[in-house]
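Please keep the sequence and the structure in view while reading.

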Amino acid sequence: MKHLHKLRGSKTLLNTLRKKAISTVLYDTALGLLNHLDLTGLLQKVVIEATQLIKTEHGYYNLVELDQNQMIRKVGIGIYQSDVNRMMRLDQGLIQRTMESEKISIIDDYSTWNNRLDDPFFDKIHTEMQVPIKIGCNIVGVLGLSFTEPHRRFTLDDVAVFQQFATIA
């Protein structure tokens with residue numbers, strides 16, 4: 001029983017530390033926006049922090065260009081680092097689902113998903129999660145995270161944490 005109490009205390013401490021880390025990221029991002037820091041640098045920081053909190057190496061930020069029906073990858077971490085400046089249409093792949101639902105979208109195995117983008121680059125992406133970034137009612141970007149390991153999945157806690165990034169990115 002004594003060990004169970006210690007275990008609960010450790011779990012509570014870990015949850016508190018995770019919440020503090022999330023709050024710090026949200027605060028730093030908001031402060032950066034208020035101070036008009038370099039937007040790309042700020043978005044890169046957001047992507048890095050998101051990957052660390054969710055415990056993945058792979059993340060990105062795509063800028064949505066509604067008038068041209070496309071998006072461009074502005075920031076890439078992990079496998080997406082070599083994919084920066086990729087242009088993608090808004091009516092295909094996971095972005096289509098995210099744009100239509102205006103909510104977090106998750107694909108458990110992107111590499112075998114029927115609607116995936118047809119490019120060998122995406123063969124190594126398994127679980128992928130995107131959240132739309134809005135200003136007012138308009139989606140201006142998409143923040144995404146991925147796992148390249150076939151067995152890894154995002155948890156409900158991961159989704160809840162990731163959703164918070166949509167409010168500040």
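The points below go from the overall fold to the sheet, the helices and selected residues.

The model described here is predicted. The protein contains four helices and six strands, and their order from the N terminus is α-α-β-β-β-α-β-β-β-α.

- The protein has 169 residues, and 43% of them count as buried.
- The accessible surface of the protein amounts to about 9800 Å², and carbon and sulfur atoms account for 55% of this surface.
- Among contacts between residues at least 6 apart in sequence, 51% join residues at least 24 apart.

**The sheet**

- The six strands form an open sheet in the order β3-β2-β1-β6-β5-β4, with antiparallel pairing.
- The edges of the sheet are β3 (87-89) and β4 (105-107); each has a single partner strand, so one side of each is left without a neighbour in the sheet.
- On average, neighbouring strands of this sheet are turned by 25° against each other, if direction is ignored.
- In general, the strands of a sheet pair through backbone hydrogen bonds, and the pairing may be parallel or antiparallel.

**Pairs of strands**

- Strands β1 and β2 run antiparallel and are joined by seven bridges; within this pair, Y60 has G76 in β2 as its bridge partner.
- The hairpin of β1 and β2 has four residues between the strands, and N69 takes a positive phi near 55° there.
- Strands β2 and β3 also run antiparallel, joined by three bridges, and I72 stands opposite M87 in β3.
- Strand β5 (residues 128-135) pairs with strand β6 (residues 138-146) over eight bridges in the antiparallel sense. In this pair, I135 has N138 in β6 as its bridge partner.
- Strand β2 is largely enclosed by the rest of the structure, because seven of its eight residues are buried.

**Helices against the sheet**

- Helix α2 packs on the sheet and touches β1, β2 (70-77) and β6; the direction of α2 makes about 65° with that of β2.
- Helix α4 lies across β4, β5 and β6, and runs at about 30° to β5.
- Which residues of helix α4 (residues 156-166) are buried? They are D158, V161, F162, F165 and A166.
- Seen down the axis of α4, these buried residues fall within an arc of 165°, so they line one face of the helix.
- On the other side of α4, the residues L156 and D157 are exposed.

**L143, a residue of strand β6**

- L143 lies in strand β6. Is L143 buried or exposed? The relative accessible area of L143 is 1%; a residue under 20% counts as buried, so L143 is buried.
- L143 and V131 are 12 residues apart in sequence, and their C-alpha atoms are 5.4 Å apart in space.

**N62, a residue of strand β1**

- N62 lies in strand β1 and is buried, with a relative accessible area of 1%.
- The side chain of N62 makes a polar contact with the side chain of R73, at 3.1 Å.
- Not counting residues up to four places away in sequence, N62 touches M71, I72, R73, K74, M88, V140, G141 and V142.

**T56, a residue of a loop**

- T56 is placed in the loop between α2 (39-54) and β1 (58-65).
- The relative accessible area of T56 is 9%, and T56 is buried.
- To which backbone atom of H58 does the side chain of T56 reach? It reaches the backbone nitrogen of H58, at 3.4 Å.
- A polar atom of the side chain of T56 lies 2.5 Å from the backbone oxygen of S146.
- Beyond residues up to four places away in sequence, T56 touches T51, L145, S146 and F147.

Definitions and conventions
Residues numbered from 1 in each chain as written. Predicted model: local features only at pLDDT ≥ 70, side-chain atom pairs only at ≥ 80, totals over all residues. Heavy atoms only, no water. Helix = DSSP H or I, 4+ residues; strand = E, 2+ residues; numbered from the N terminus. Buried < 20%, exposed > 50% of the residue type's maximum accessible area, 1.4 Å probe, protein only. Contact = heavy atoms within 4.5 Å. Areas by Shrake-Rupley, 256 points an atom, 1.4 Å probe, with all protein chains shown as cover. Polar contact = N/O pair within 3.5 Å; in protein donor to acceptor, adjacent residues only side chain to side chain. Arc of directions from axis to C-beta. Pairing = 2+ DSSP bridges. Axes fitted to C-alpha atoms, helices over the stretch in contact; angles between N-to-C directions.
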